[in-house]
Amino acid sequence: MSQFQCPECGYRYDEERGEPHQGYAPGTPWNELPEDFACPDCAVRVKADFEEVPNT
């Protein structure tokens, strides 16, 4: 599963963990998040601004 990082604050959305506090269950893929998804930590950046983090 992939992770996507906010370039403003460094928050990472991890598909494996989801974001239960925002209503996204573990295993929710990035492409299923709404286009108006905003960073839950800083609310400055939206989905289009996030960058995929390469798996290491």
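Glu19 is buried but forms no salt bridge, and Arg17, the nearest side chain of opposite charge, is 8.3 Å away. Buried means under 20% relative accessible area, exposed over 50% and partly exposed in between, with a 1.4 Å probe and protein chains only. A salt bridge needs a side-chain nitrogen of Lys or Arg within 4 Å of a carboxyl oxygen of Asp or Glu. Lys and Arg count as positive and Asp and Glu as negative, while His and the chain ends are not counted.

This is a predicted model, in which local features need pLDDT of at least 70 and side-chain atom pairs count only at pLDDT 80 or more, while totals for chains, interfaces and linings use all residues. Residues are numbered from 1 along each chain as its sequence is written, and side-chain values use heavy atoms, without hydrogens and water.

Apart from neighbours within four places in sequence, Glu19 is in contact (heavy atoms within 4.5 Å) with Tyr11, Tyr13, Tyr24 and Pro40.

Tyr11, Tyr13 and Tyr24 also belong to the largest nonpolar core, which has 10 residues, including Trp30 and Cys6. Such a core is a set of buried Ala, Val, Leu, Ile, Met, Phe, Trp, Tyr and Cys residues joined through side-chain atoms within 4.5 Å. Setting aside residues up to four places away in sequence, Trp30 touches Phe4, Tyr13, Glu15, Phe37, Lys47 and Phe50.

A disulfide is a pair of cysteine sulfur atoms within 2.5 Å, and the count here is 0. Cys6 is in no disulfide, with the nearest cysteine sulfur, that of Cys42, 3.8 Å away. Cys6 is buried, at 1% relative accessible area, whereas Cys42 is partly exposed at 23%.
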